[in-house]
Amino acid sequence: MIIRYDSTCAEYAAPGHAEAPSRVLRTAEYLQGKHPDWFPVEARATEPVSDKILRLAHSAAHLARLRNTTTGMFDADTAALPDMDAHARRGVEEALVVAEIALEGEKAFSLMRPPGHHATANDIMGFCYLNSVAVAALHARSEHELERVAVWDFDAHHGNGTEAILARKKGILYVSVHQFPCYPGTGEKSFGNVKNYPVAPGTPPEEHLHLLENSWTDILDFEPDLVLVSAGFDAYQDDPLTQMTLRTEDYATLGQWLNDTPCPVGAILEGGYSPELPQLIGAFLEAWEGGV
Ligand SMILES: [Zn+2]
C-alpha cells in the first residue's frame, strides 16, 4: 500500500466546518503509527497538473473562478479561501499519481483534501472545487489508451459532479451507492454509463452492504482496465452528516473486495466526518492490503 499524503492539504480551514484539517492530520498520524511502511521515505515527486489536463473535466471559466476568488462563499457549504486553487490542484495531482501507481500494479490511496466528487464542469459546491477522480479517470483513459475505466463511489453522498462529467463518456463507467434523499439531491436513477444505487436513510447495514456488493459486481462486469474509487467514509453509523448505518467492519469488507480483484485499483479520499475516520480508513486499507 502506498499512501499519497502531503500535510500541506491541512493548511486551509473554514471555521467550524466539518471538512476540517483534523480529518487528514489524525488519519495520517494513526496510519503512520500502524503502518509506517505505507508512507515511502522517497516518495515519487508530484508534477503540477496542467490546465489542459484539468480541462478534461472543467471549463476554462471554472478554473478562472477558482484561481481568482479568495474570499466569500462559492455556495452555502464551500468557502473561497486564499490558495484554494493550489489546494484543489494538489488533490488532483495526487489522484493522478494514485492512478499511475495503480496501473503499475501497486495499491495506492490519496489521503488528501479537499474532496472532489461534487465539483461539476462549472460548479464549485459541497466542499469540492476540482473533481479529482473524474480528472484522473479521463486522463488515465486517454494517456494510457485504456479501453475501460470505472469509478466506484461509496461516499454517502451522490457524486453529482462525477456523474455529470463522466456521463456519456466513451469507455467510462460511473457507479455510486449513496443515501437518498440527501445532499445534493441527485442520483435517484441509472442511465447509460451511470449506475446509481440510492439507499434510504436508516437502511440496515446488511442491506446497504448488499447494494454495495451489487454495485461492485457492476464494476467487475465492466471488465475495467482501471478502477478508481471515490472512497468516502460518511456512510458510517456515527457520521454527523448522514443517516446511514455502516460499521467499521463493513469498510473492511469493501477493502477485501478490492483485494480480491486482479484489476488495478486506486482510491481517493472523499468525505467522512466522524471522529472514527482514521479507524474506518485503516480498516478499509488493511483489508485491501491483504487481511491484516
Ligand atoms: Zn459525502
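The model is predicted, so local features need pLDDT of at least 70 and side-chain atom pairs count only at pLDDT 80 or more, while totals for chains, interfaces and linings use all residues. Residues are numbered from 1 along each chain as its sequence is written, and side-chain values use heavy atoms, with hydrogens and water left out.

Back to helix 9. Helices (H or I, at least four residues) and strands (E, at least two) are DSSP runs, numbered from the N terminus. Helix 9 covers residues 277-290 and reaches 20 Å from its first C-alpha to its last, close to the 20 Å expected at 1.5 Å a residue; the expected span is 1.5 Å times one less than the number of residues. Its buried residues include Leu277, Phe284 and Trp288. They pack against several elements, among them strand 1 (2-4), helix 1 (22-34) and strand 9 (265-269), where contact means heavy atoms within 4.5 Å.

Next comes the zinc ion. Its protein donors are Asp155 (OD), His157 (ND1) and Asp234 (OD), lying 1.9 to 2.1 Å from it. Donors are N, O and S atoms within 2.8 Å of the metal (3.2 Å for Na, K and Ca), and as water is not among the atoms, sites may look incomplete. The donor residues are spaced D-x1-H-x76-D in sequence. Histidine 157 and aspartate 234 link distant parts of the chain, 77 residues apart.

| Residue | Relative accessibility | Class |
|---|---|---|
| Histidine 87 | 5% | buried |
| Histidine 157 | 8% | buried |
| Aspartate 234 | 0% | buried |
| Glutamate 223 | 55% | exposed |

Histidine 87 sits in helix 4 (residues 84-103). Its side chain makes a polar contact with that of arginine 90 (3.2 Å). A polar contact is a pair of N or O atoms within 3.5 Å; within protein, one must be able to donate a hydrogen and the other to accept it, and residues adjacent in sequence count only if both atoms are side-chain atoms. Leaving aside neighbours within four places in sequence, histidine 87 touches residues including Thr8, Tyr12 and Arg113.

Glutamate 223 belongs to the loop between helix 7 (205-221) and strand 8. From glutamate 223 to alanine 150 is 8.8 Å, C-alpha to C-alpha, with the two 73 residues apart in sequence.

How values were computed
Buried means under 20% relative accessible area, exposed over 50%, partly exposed in between (1.4 Å probe, protein chains only).
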